[in-house]
Amino acid sequence: MNAVWLVLIISGCVVALLAGNVDVLMSSVLEGAYDAVELVIGLAGIFCLWVGIERLANESGLIDALARVSKPVLGLLFPYVKDEDKIMGAISATIISNILGLSSQTPLGLKAMAEIKQIHGETYKGLHSMITLVVISAAGFCIFPSGVIALRAALGSRNPGIVAGPTAAAGFISTCAGLLVHRVLSKRPGFKP
Amino acid sequence: MFFLANLGMYVFPIILIGVPLYAWVKGVPVYETFVKGAEEGLQVVINTLPYLVAIFVGISCFRGSGALDLVSRYMGRLLKPLGIPSEVLPIIVTRPISGSGSLGVTGEILRVHGPDTSLGLLASILQGATDTSFYVVTIYFGSVGIRKTKHALPACLIGDLCGFLTGFIIWRLMVYGR
């Protein structure tokens, strides 16, 4: 992330200097900082709602039940946390939200990250599980990409939903490929907590 | 199709009614518990702000300077032999970095060429194929205060690339039948 961030900033500034549009760069950077704050404020309500609901599910035992049901499948992807019901339940809720395209995917995903961090910290087991969750979430396997379909419908498509099959297939392959890379790279000697 | 389209819509109220009702039956003080959770949710969101500012500033620097357009152009030459139409290349380059940015590019293609043309179809598939990897890595690790993300980003980006290629291959099969 260090290298990525530096490359973004330095290459941006160099290109702006060469192209002579430093003024555009200035306003664009300030706008970026503003957008981050706006996004956080926009997300705050959704987060309160979903983490509140998650807490209810947690204390009533629904999360543990979800963990028990999903363990046979998700245990294969998360071998290091499969016996912790709180973590498995949160992971399971995140992945279900992802697949259904619910607004709860990020709030529940961050909740799952917090559960992993709390129990395992930045150990090998903890980081391995966190990266697995991030790779699955970033690949965005979803049976119904509502954003694109809404856009297509708004622009007068006769069949806006036709893209759902192809995007689901692409999301599935993306998830598998990401997990494969994670599996290979987590065996390298440099990956130590 | 209709059922799938509305699945999320039906699941939402079921969760919204079902979870608190179940908790109430189990004797959980529902209102207090919800508020406690909401408080935690707010804390999580606030924790992500410094990380989001950092990544947004980096990305807008890269985009606002025109560097992103340059990369799109050169990536275009590299990907040309695969037969990917040059119009959609900005989507492939922008999608992992900025969700709103690539949605803008997709919207423009759909407007100019029409959503039901082969180009409009490809743009839609690529846009829907993955999520915004930079954003997900930033917000997930940021919320728990972890700065060293190890190989999370490369794994996500390679995953994205495979997703795009899958989308492209399926599009070719749909449009050309081979």
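Two residues are in contact here if their C-beta atoms, placed from the backbone, lie within 7 Å. With that in hand, consider the contacts in chain A between residues at least 6 apart in sequence: 58% of them join residues at least 24 apart. Please keep in mind that this is a predicted model.

What is chain A built from? Its secondary structure comes to eight helices and zero strands, so that, by the DSSP runs used to assign elements, the order from the N terminus reads α-α-α-α-α-α-α-α. The C-alpha atoms of chain A fill a box of roughly 60 × 50 × 30 Å along the principal axes. Chain A has 193 residues, and 48% of these count as buried.

How confident is the predictor about chain A? The mean pLDDT of the chain is 91, and 99% of its residues reach 70 or more. Among the elements of chain A, helix α6 (residues 124-139) has the highest mean pLDDT, 96, while helix α7 (residues 146-154) has the lowest, 88.

Now let's look across to the partner. On the chain B side, 85 residues are in contact with 89 residues of chain A. Which helices of chain B supply at least two residues each to the side that touches chain A? They are α1 (2-25), α2 (30-64), α3 (67-79), α5 (99-113), α6 (118-129), α7 (133-143) and α8 (152-176) of chain B. The largest share of that side, 26 residues, comes from α2(B). By residue type, the side of chain B that touches chain A divides into 51 nonpolar, 24 polar and ten charged residues.

How values were computed: Residues numbered from 1 in each chain as written. Chains lettered and ligands numbered in written order. Predicted model: local features only at pLDDT ≥ 70, side-chain atom pairs only at ≥ 80, totals over all residues. Helix = DSSP H or I, 4+ residues; strand = E, 2+ residues; numbered from the N terminus. Nonpolar A, V, L, I, M, F, W, Y, C, P; charged D, E, K, R; others polar. pLDDT = per-residue confidence, 0-100. Buried ≥ 20, exposed ≤ 12 C-beta atoms within 10 Å, placed from the backbone.
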